[in-house]
Amino acid sequence: MFQQIFSPSVQHTLDLAGIFVFAISGALLAVRKNFDVFGIAVLAEATALGGGLIRDVIIGAVPPAAFTDLGYFLTPLFAALLVIFLHPQVERIQSAVNVFDAAGLGLFCVTGTTKAYDHGLGLTASAALGLTTAVGGGVLRDVLANEVPSLLRWDRDLYAVPAIVGATLVVICIRYAALTPLASGFAAATAFVLRLLAMRFHWRAPRAWNRRSTVREE
């Protein structure tokens, strides 16, 4: 079992903070889509917990943490309630929400990778589940809201790539028996900074070479 980046209590607090911010993004999209209060709550829960649920089911860590820790389940509901009543104010601090979302992305791609490896998966599969932990909730959010997932769209700033880089750094450290709390923190920070730079400079992945698509660009 690998050491966590932080102590268990601090790790739990950071997990809840990441879940809260992811839930905010889901609830805000639900408001923009004119969902009712139940729809807002569902989208908040799916966004916040979806990636971890997918990972835990795949690795056999059942019941998933989302169902064994009441804080994990209630935090998205609190975020949804906040957005229901204060969504104009929350929208105005969207840039701050994006920064915390980037921090959650960095943290979850690392913890997801290490948890998958601890449950017996190989390095490549562990990195893939680290990515899933970080971005899976956002994919579920967009699918439930009937939108093309953001990480598949060329006109969105890089989101999955920073998580891939963070997860890859973790498995490299595992491969060479160098995964320490400091190395894990560096991997999370790298993903975090890459996401911030992508948002700041609007970095995007290239599209197909000599593309001749007739689909209208939105």
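These legends go with close-up views of a predicted model.

**View 1. Helix 1 from end to end, plus the residue after the helix.** Helix 1 covers residues 8–32, which makes 25 residues. At 1.5 Å a residue, a helix like that should span 36 Å. Look just past helix 1 and you'll find Asn 34, with a positive phi of about 65°.

**View 2. Thr 133 and the residues around it.** Thr 133 belongs to helix 6, which runs over residues 123–144. Its relative accessibility is 6%, and because buried means under 20%, Thr 133 counts as buried.

**View 3. The largest pocket, at about 880 Å³.** The volume of this pocket comes out at about 880 Å³. There are 39 residues in its lining, and those closest to the centre are Arg 141, Ser 150, Arg 156, Tyr 159 and Arg 195. Two or more lining residues come from each of helix 1, helix 2 (37–59), helix 5 (94–118), helix 6, helix 7 (160–175) and helix 8 (181–201).

**View 4. What the lining of the largest pocket is made of.** Which helix gives the most to this lining? That's helix 6, with 8 residues. Sorted by class, the lining has 18 nonpolar residues, 10 polar ones and 11 charged ones.

Technical notes
Residues are numbered from 1 along each chain as its sequence is written. This is a predicted model: local features need pLDDT of at least 70, side-chain atom pairs count only at pLDDT 80 or more; totals for chains, interfaces and linings use all residues. Side-chain values use heavy atoms; hydrogens and water are left out. Helices (H or I, at least four residues) and strands (E, at least two) are DSSP runs, numbered from the N terminus. The expected span of a helix is 1.5 Å times one less than its number of residues. Buried means under 20% relative accessible area, exposed over 50%, partly exposed in between (1.4 Å probe, protein chains only). Contact means heavy atoms within 4.5 Å. On a 1 Å grid over the protein atoms alone, a cavity is a set of points where a 1.4 Å probe fits but cannot get out, and a pocket is an open set with protein on both sides within 12 Å along at least five of seven lines; lining residues have an atom within 4 Å of a point. Grid points are joined across faces, edges and corners, and a volume is the space filled by probe spheres set on the points. Ala, Val, Leu, Ile, Met, Phe, Trp, Tyr, Cys and Pro count as nonpolar, Asp, Glu, Lys and Arg as charged, and the others, Gly among them, as polar. Lists of a residue's contacts leave out its neighbours within four places in sequence.
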